[in-house]
Amino acid sequence: MFRNHLKIAWRNIVRNKTFSVVNILGLAIGIAACVLILQYVSFELSYDNFHTKGDRIYRVRQDRYNEGKLSTQWAAGAQAAGNSFKAAFSEVEDYVKVLRRGPAVVDYKEKSLKVEKVYIASQSFFTIFSYPLIAGNPTTALAEPNTVVLSETVARRLFGSENPIGKTIRQNRRDAVKVTGVFKDFPVNTHLQPDYITPYLTFIKQVGPDNNPDNAWQWDGALSYLLLRPGVDPKALEAKFPALVDRLAGEEHRKYRSAAVYLLQPLRDIHLYSHFMNEAEPNGDGKTVYLLLAIAFFIVVIAWVNYVNLTTARSVDRAKEVGVRKAVGSLRSQLILQFMTESVLLNALAVGLALLLVALALPTFNELSGQQLSFSLLGSSLFWLPLGGLFVIGSFFSGLYPAFVLSGFKPVVVLKGKINTSRQGITLRKSLVVFQFVASLFLLVGTLAVFEQINFMRKQSLGINIDQTLVLNPPIVANDSTFMQQMAAFKAELLRQSGIRQVAASSVVPGQASDWNAGGIRLKGMDESKGKQYRIIGVDYDFIKAYDLKLLAGRNFAKAFGSDPKAVVFNKMAIRQLGFDDPAQAIGKQIDFWGETFTIVGVTNDFHQQSLRDAYEPLILRLIPDVRGFFSIKLATTNLNGQIDLIRSEWNRFFPGNPFEYSFLDERFNSQYRADQRFGQVFGLFTLLAIVVACLGLFGLASFTTAQRTKEIGIRKVLGATVGEIVKMLYREFTVLILVAFVIATPLAWYAVTQWLQSYAFRTSLPWWLFVMPLLVVLLTSLLTVSLQSIKAALMNPIKSLRSE
């Protein structure tokens, strides 16, 4: 019986080629798009899922408050938090502290290598996390100072085929360290990505016993992780933190009015839901992931709607077949099984085509999304389970309603040719078409909103000049005693070149968050409780001039003023936080900065140190003439390659042994919007696919409608109707449906876009064309789609069409 159903289903698919192609292609595109998005979502949700103790690992993050108001939120909090919580609470089985450091240059024999990501970690790192060691003991690899654990890649590049364990390497041409372990390169789907890990004990040894970080509650920067004992309630443990912190650090917090609240963050939530200060690596966005999941749902539902629409629309053509089958004894259950078999076969063909589309589209999708999805996923349950689910659900739900409609015809009525499409059936088809257009309009508005916001952020004045700026990464290897002289000589040599206008040095450059957060800063003579938190940027004498920062009051740093080594320049938000509305009032005022006295010599405008996603921050430019940071070089030449070669030559002369690494600041700054651009591109791609699938359904529906009205079209032509009038008649019905969809989609899209924009401190307004343009696009696309069939029918000889009836 099943074999017979299968044969009949295949014959029907072959006989009705147009409808079959439209259905299979629409379903294939919908399933392929959905599978791609599901792979992306599955990958994002897989971060840190491989840790065997992952359900018991929590990161301690902190919220800092000034005078009862939330001032900063940190991923990396106080140095003392992890060890203090372990010592005080039996619920904590173990802890680990992780600190990020800048790059390092390591040497072994004749080989020299720059290592990008240097981490400091306490002893339990490899026993709490499930990062496997290829060589070495996970319990003791980080147990001694002046040792190091290398990634597999770094070890191979540095030692080749030699066994690295026990070998001594030199770090930054100064420190000799012994290799005690080699770890397998961390997978992409983890929020920690070190190349080189040194023990926390080395860090303690470097800062000295008088500055033991294990006792420091005002020293931020440590990523602290707790391994809780089985069955421990993290919320109950979290509730015990305030009393302990008040006992150990309450005096410091009350002194600076900078209370800290410590919160437990599940390890597996970090990648998608953590965007705080001092994150280990850039994280993903949970909202984006689930929004893409909603798009996947829209696309595949649009494809299923096409199938339901086209199958029920053809009910008149299939009515006589049903009547004959019932007349010769077929049961309704047998007819339902027949139509469900057609649905399963058609969905199976669509799945096969979808697999081919996924294979072809995967490289492009990876490029757009910035992910590393590969064909290896084809052997994973993460691929086959969603695909199988789509096939079963699609076959069942898209086939069930048409099967019941078609099998319900009465043979006496249909064999007399009296079958008419029911009002309920017409209403359902129109409702489904409206749903398709609502989804298409909604997605189009969303796509335009994303690119409008990106364009808005790029066009806004930053308050700082980043044009024609070449940025050199900080020198890694340098002699502390001679660095000031090296730096001054290097700048002087560069300024002798005609293609260079300005050279400045700073701890960070625009587009980069300052990790230097200073609390307790207040006006000299004020009570300690009035201290506030500020972000600090260390700069040299030339920074303000090089970046064309506008001074609202006061002056720039100047070597002529003997007091300038203790000088600071505030931005407008910083002096407002200090209590001044007029910038001029702040000039000459002295501040207490961690026990030292500094003088405010200038006030600049507020400027965007980071992207426009972030609000202005209270910034202090602190003069550090020998700041070991980035060099910002203002160019005045079109011969960039030649100028860069000259700069490289001087760099190698003054900073030998340091890699010469440069970037252009405008590109560096705009790279902050890369995630938004990728999201916009992916969103736009799937919006396009949703519209294509909707138009395929519209094409099929228009074909059917035209075929059903062939006789009417012939009569109208005989009575003098023009081709344009006939096309207008056929298009009018779909136009009404699109306008209804527009009325429904507009408020939904407006609300969704408004909510999405709330995550940006500086955001675009929503212009009227953002909603009207998608309507025009859908109207035009629909007109072209409907016209393909309408014009063909309108041009047909009326005698031929009337004869065929």
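## Ground rules

Buried here means under 20% relative accessible area, exposed means over 50%, and partly exposed is in between (1.4 Å probe, protein chains only). This is a predicted model, so local features need pLDDT of at least 70 and side-chain atom pairs count only at pLDDT 80 or more, while totals for chains, interfaces and linings use all residues. Residues are numbered from 1 along each chain as its sequence is written, and side-chain values use heavy atoms, with hydrogens and water left out.

## The chain overall

The chain carries 26 helices and 25 strands. Helices (H or I, at least four residues) and strands (E, at least two) are DSSP runs, numbered from the N terminus. Of its 805 residues, 53% count as buried.

Contact means heavy atoms within 4.5 Å. Taking contacts between residues at least 6 apart in sequence, 80% of them join residues at least 24 apart.

## Helix 2 and the cores

A nonpolar core is a set of buried Ala, Val, Leu, Ile, Met, Phe, Trp, Tyr and Cys residues joined through side-chain atoms within 4.5 Å. The largest one has 117 residues, and those with the most contacts inside it are I31, I295, L390, F543, F557, L621 and F686. Which helix gives the most to this core? That's helix 2, with 17 residues. As for F543, once you leave aside its neighbours within four places in sequence, its contacts are A504, A505, S506, L549 and L621. Another core lies apart from the largest one: it has 25 residues, among them A75, A76, A141 and L223.

Back on helix 2, which covers residues 17-45, you'll find V21. Is V21 buried or exposed? V21 counts as exposed because its relative accessible area is 53%. V21 and L346 are 325 residues apart in sequence, yet 9.7 Å apart in space, C-alpha to C-alpha.

## Helix 16 against helix 20

Two packed helices are described by the angle between their axes and the distance between the axes. For helix 16 (residues 483-495) and helix 20 (residues 640-654), the angle is about 160 degrees and the axes are 10 Å apart. Axes are lines fitted to C-alpha atoms, for helices over the stretch in contact, and angles run from 0 to 180 degrees between N-to-C directions. Angles under 35 degrees count as roughly parallel, over 145 as roughly antiparallel, 65 to 115 as roughly perpendicular and the rest as oblique. So helix 16 and helix 20 are roughly antiparallel to each other.

Who makes the contact? Helix 16 brings Q486, A489, F490, E493 and L494, and helix 20 brings I647, E650, W651, R653 and F654. Sorted by class, that's six nonpolar, one polar and three charged residues. Ala, Val, Leu, Ile, Met, Phe, Trp, Tyr, Cys and Pro count as nonpolar, Asp, Glu, Lys and Arg as charged, and the others, Gly among them, as polar.

## Helix 6 and what covers it

In helix 6 (residues 200-207), the residues Y200, T202, F203 and I204 are buried. Their cover includes strand 4 (92-101), strand 7 (118-121), strand 9 (147-151) and strand 12 (196-199). After helix 6 comes G208, with a positive phi near 90 degrees.

## Two positive phi values in a loop

N172 sits in the loop between strand 10 (168-171) and strand 11 (175-183), and R173 lies in the loop between strand 10 and strand 11 too. Phi of N172 is positive, near 55 degrees, in a residue other than glycine. R173 isn't a glycine either, and its phi is positive at about 60 degrees.

N172 is buried because its relative accessible area is 10%, whereas R173, at 36%, is partly exposed.
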